[in-house]
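Trainee: I am new to this structure and would like to learn how to read it. Could we start with a single residue and then go on to helices and sheets?

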Amino acid sequence: MRLTYTSDVWWKNAVVYCLDVETFKDGNDDGVGDFRGLTQQIDYLAGLGVTCLWLMPFFPTPNRDDGYDITDFYTIDPRLGTLGDFVEFMRTAHDRGLRVIADLVVNHTSDQHPWFKEARSGKDSPRRDWYVWSDTPEPDDPKQIVFPDKEDSIWEYDEGSGQYYLHSFYRHQPDLNVGNPEVRDEITRILGFWMELGLSGFRVDAVPFLIENVNPKLAEPHEFLADLRAFMTRRMGGAILLGEVNVPYEELVKFFGDGLGDQITMCFDFIGMQKAWLSMARNDATPLADALRERPAPPKDCQWAVFLRNHDELTLDKLTDEERQEVFDAFGPSEDMQIFGRGLRRRLPTMLGGDLRRIKMAYSLLFSLPGTPVIFYGEEIGMGENLDEEGRMAVRVPMQWTSDGGFSRAEPVREIPEGSFAPDRVNAADQKRDTHSLLRWFQLLIERYRECPELAWGECTVLDAGHPAVLAHRCDADGATVVVAHNLCDTARDVELTLTGLEGYQLTDLLVDGAVEVPEKGTVRLPLDPHGTRWLRASPPKIAPEDASVKSH
């Protein structure tokens, strides 16, 4: 497999770190995180080793949906700072070699947005067709309702203008009509505006909802995504669209661009994520191994984004009812830990009971899976959730910098968790001083991941490990190979792996000291500790391991 590396595909083996400016660091002592606080922590992020920051919405908002209800796409929420603060943050991030992407939430606006206020002023309003209206509420499919605990329909009657408007999410978030060329032009202007201020791309919120509202008489829905990608590429060759596309694999590939790779640059692997949790619940790697075998290869200029947790609930909607219950029983047996009956509102460390061996294994698994890893702020220190918060807000807690919190010198607007995951037990300052901490483990994983472009660029093959608890795979690119094995159970295992083409090679441990030689028959025996992990670089005889890697430029 011959690979060509260019700077325009930086995202192929990036490490993406998602954060909410509001909960990361308070820079002006008002209890709310802001861009000044975030800028103060850029060196922490650079030291962690991440290469791309993904910012959750930072636009003006009534804040009825944590910023995903936007009233102005062209400026900064005053609580978070000014455009000047944003520009200073971007300059500092770029100075440290960090790229920045932001949430693109254009499926809907707030009902307080001037566009919607004008649209609902009357049926003859110039912006009436910027939203989706109907004289009668069309029949609702219960599966269409994203928040069944809050909404019973996706149509809301507007008394002022006498029609119903579509809202795929909350009723205070009317859907934009992206089939309207004026709306599409406006979305393009939004992209262009923020790219001029330094953004390298966008995480596109709710992609399937976004294009399903397109009027097919005006355009083929996927043309909209292709147009956005083409516009961004003209402006900046390496700009990306990171898509939230939670659909089956066979439907998802068309969001990349049906072989052309001209639409969404990276799509989140929701199915692989859900199967990973099922595997961890069962201590059986089979579901995840099957998903990796079934996952289609993305087009050449596209990539999978892999993750275990994000800013929303841990969605388990692609599992069967029985499988979902297994994950609930293992990681969120109490009803207050569950949400919508289909997901969990917990962070990974609490789901794994604070067991550092399991937590370290889970993140080793994440960074070694083929694709680009995406992590959520606070994961690197093992933060927990606050179940007293409503819904998905449980996991969006203030970052824990020091033993007394360190997020703000004022009382934080968001409550900090108490108990075994409180700041006096989980914080960045203490973990910096502890060579065995989760933070140090993250730094090592990120460093090794960046040294192993085969993991992101290469051809992945799931290996027969001879035991259901062990996931083993190899990634090959340009004649270089990395072999990875993970033990998902709490019993030590010795596994035998047949490594065709690596007979006589040396396998050098990348996470700990040690090496093993592959016998001439090609089958190597690897011992694995309980919840143990091995990353191994294959090198031919008489060639140093560091010289056996693919070299990226």
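Mentor: Contact means heavy atoms within 4.5 Å. Leaving aside neighbours within four places in sequence, Pro174 is in contact with Asn107, His108, Thr109, Ser110, Asp111, Phe116, Tyr131, Tyr165, Leu166 and His167. This is a predicted model, in which local features need pLDDT of at least 70 and side-chain atom pairs count only at pLDDT 80 or more, while totals for chains, interfaces and linings use all residues. Residues are numbered from 1 along each chain as its sequence is written, and side-chain values use heavy atoms, with hydrogens and water left out.

Trainee: Where is Pro174 found, and is Pro174 buried or exposed?

Mentor: Buried means under 20% relative accessible area, exposed over 50%, and partly exposed in between (1.4 Å probe, protein chains only). Pro174 has a relative accessible area of 0%, so Pro174 is buried. Pro174 is found in the loop between strand S6 (163-166) and H6. Helices (H or I, at least four residues) and strands (E, at least two) are DSSP runs, numbered from the N terminus.

Trainee: How far apart are Pro174 and Asn107 in sequence and in space?

Mentor: They are 67 residues apart in sequence, and 8.5 Å apart in space, C-alpha to C-alpha.

Trainee: At what angle do helix H6 and helix H8 pack?

Mentor: Axes are lines fitted to C-alpha atoms, for helices over the stretch in contact, and angles run from 0 to 180 degrees between N-to-C directions. Angles under 35 degrees count as roughly parallel, over 145 as roughly antiparallel, 65 to 115 as roughly perpendicular and the rest as oblique. H6 (residues 181-196) and H8 (residues 221-235) pack at about 30 degrees, with axes 11 Å apart. H6 and H8 are therefore roughly parallel to each other. Residues making the contact include Ile187 and Leu191 of H6 and Phe224 and Phe231 of H8.

Trainee: What is the order of strands in the open sheet of 6 strands?

Mentor: Strands of a sheet pair through backbone hydrogen bonds, either parallel or antiparallel. Two strands pair if DSSP finds at least two bridges between them. Here the order is S15-S16-S17-S22-S19-S20, with antiparallel pairing. Strand S15 (459-463) and strand S20 (515-517) are the edge strands, each pairing on one side only. S15 and strand S16 (residues 470-477) pair over 5 bridges, and Thr461 stands opposite Arg474 in S16.

Trainee: Which strands does helix H11 lie across?

Mentor: Helix H11 (residues 286-294) lies across S15 and S16, running at about 145 degrees to S15.
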